[in-house]
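Trainee: I'd like to learn how to read a structure like this one. Could we go through it feature by feature?

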Amino acid sequence: MDTIDLVITAAEWGEGKRAHVFGSFLLSCLGEDGSFIPLSKVATGFSDEALQEMYEALSGIIVSEDGKIVYVEPKIVVEVGYAEIQQSPNYSGGFALRFPRFIRLRDDKSPEEIESLRMIQERFFAQSVR
């Protein structure tokens, strides 16, 4: 499983036992112009403690809400494992992570140090060659 560092740009309220915290997170990579481009969602790999920690960290940086979706300032960097990168019309960058899994918070990295869309494209083409 490869890993990648991305920033959280939105979260969705959980259901069931996760109803009081965010249950999934929209991850974005860095565009050439410095914007953040949605790439994938992640909802697995979180312990109950990690979900609570994410809820507390994101609650203070909410910029807007739309139903169950909460948009946040792009400040929280996470490391995510994935099986492969695939092309996807669902995200504006044209790619998505297959089987993404939360690994850890990356409080040692700033949002400007995450993977760029160009790096995502390079990873995609490199895995196609394998």
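Trainee: Let's begin with the rings. Which residues form one aromatic cluster here?

Mentor: Keep in mind that this is a predicted model. The cluster is made up of Trp13, Phe22 and Tyr55.

Trainee: How do I describe a pair of rings?

Mentor: A pair of aromatic rings is described by the distance of the centres and the angle of the planes. Searching the whole structure gives seven aromatic pairs. Take Trp13 and Phe22: the ring centres are 4.6 Å apart and the planes sit at 45°, so this pair is tilted.

Trainee: What about the rings of Phe25 and Phe46?

Mentor: Their planes also make an angle of 45°, with the centres 5.0 Å apart, so this pair is tilted. Phe25 belongs to strand E2 and Phe46 to the loop between E3 and helix H1 (48-59), so the pair ties together parts 21 residues apart in sequence. Phe25 counts as buried at 1% relative accessibility, and Phe46 counts as buried at 10%.

Trainee: Now strands. How do E2 and E3 pair, parallel or antiparallel?

Mentor: A general idea to start with: in a regular strand the side chains alternate between the two faces of the sheet. In this model, E2 and strand E3 (residues 36-42) run antiparallel and pair over six bridges.

Trainee: How many salt bridges does the whole structure have?

Mentor: The search finds 11. For a salt bridge, you look for a side-chain nitrogen of Lys or Arg within 4 Å of a carboxyl oxygen of Asp or Glu. One of them joins the side chains of Arg106 and Asp5, with N and O 3.1 Å apart. The pair links distant parts of the chain, 101 residues apart: Asp5 is in strand E1 (residues 2-13), while Arg106 is in the loop between strand E9 (101-105) and helix H2 (117-129). Both Arg106 and Asp5 are buried.

Trainee: Which other residue forms a salt bridge with Asp5?

Mentor: Lys109 does, and the closest N and O atoms are 2.7 Å apart. Lys109 lies in the loop between E9 and H2 and Asp5 in strand E1, so parts 104 residues apart in sequence are tied together. Lys109 is partly exposed, with a relative accessible area of 27%.

Trainee: Can you show me a salt bridge elsewhere in the chain?

Mentor: Glu15 lies in the loop between E1 and strand E2 (22-30) and Lys68 in the loop between strand E4 (62-66) and strand E5 (69-72), so the pair ties together parts 53 residues apart in sequence. Glu15 counts as exposed at 61% relative accessibility, whereas Lys68 is partly exposed at 33%. Back at Asp5, salt bridges with shared partners join Asp5, Arg106, Asp108 and Lys109 into one network.

Conventions:
Residues are numbered from 1 along each chain as its sequence is written. This is a predicted model: local features need pLDDT of at least 70, side-chain atom pairs count only at pLDDT 80 or more; totals for chains, interfaces and linings use all residues. Side-chain values use heavy atoms; hydrogens and water are left out. Helices (H or I, at least four residues) and strands (E, at least two) are DSSP runs, numbered from the N terminus. Buried means under 20% relative accessible area, exposed over 50%, partly exposed in between (1.4 Å probe, protein chains only). Two strands pair if DSSP finds at least two bridges between them. Rings of Phe, Tyr and Trp (its six-membered ring) pair if their centres lie within 6.5 Å; planes under 30 degrees apart count as stacked, over 60 as edge-to-face and the rest as tilted.
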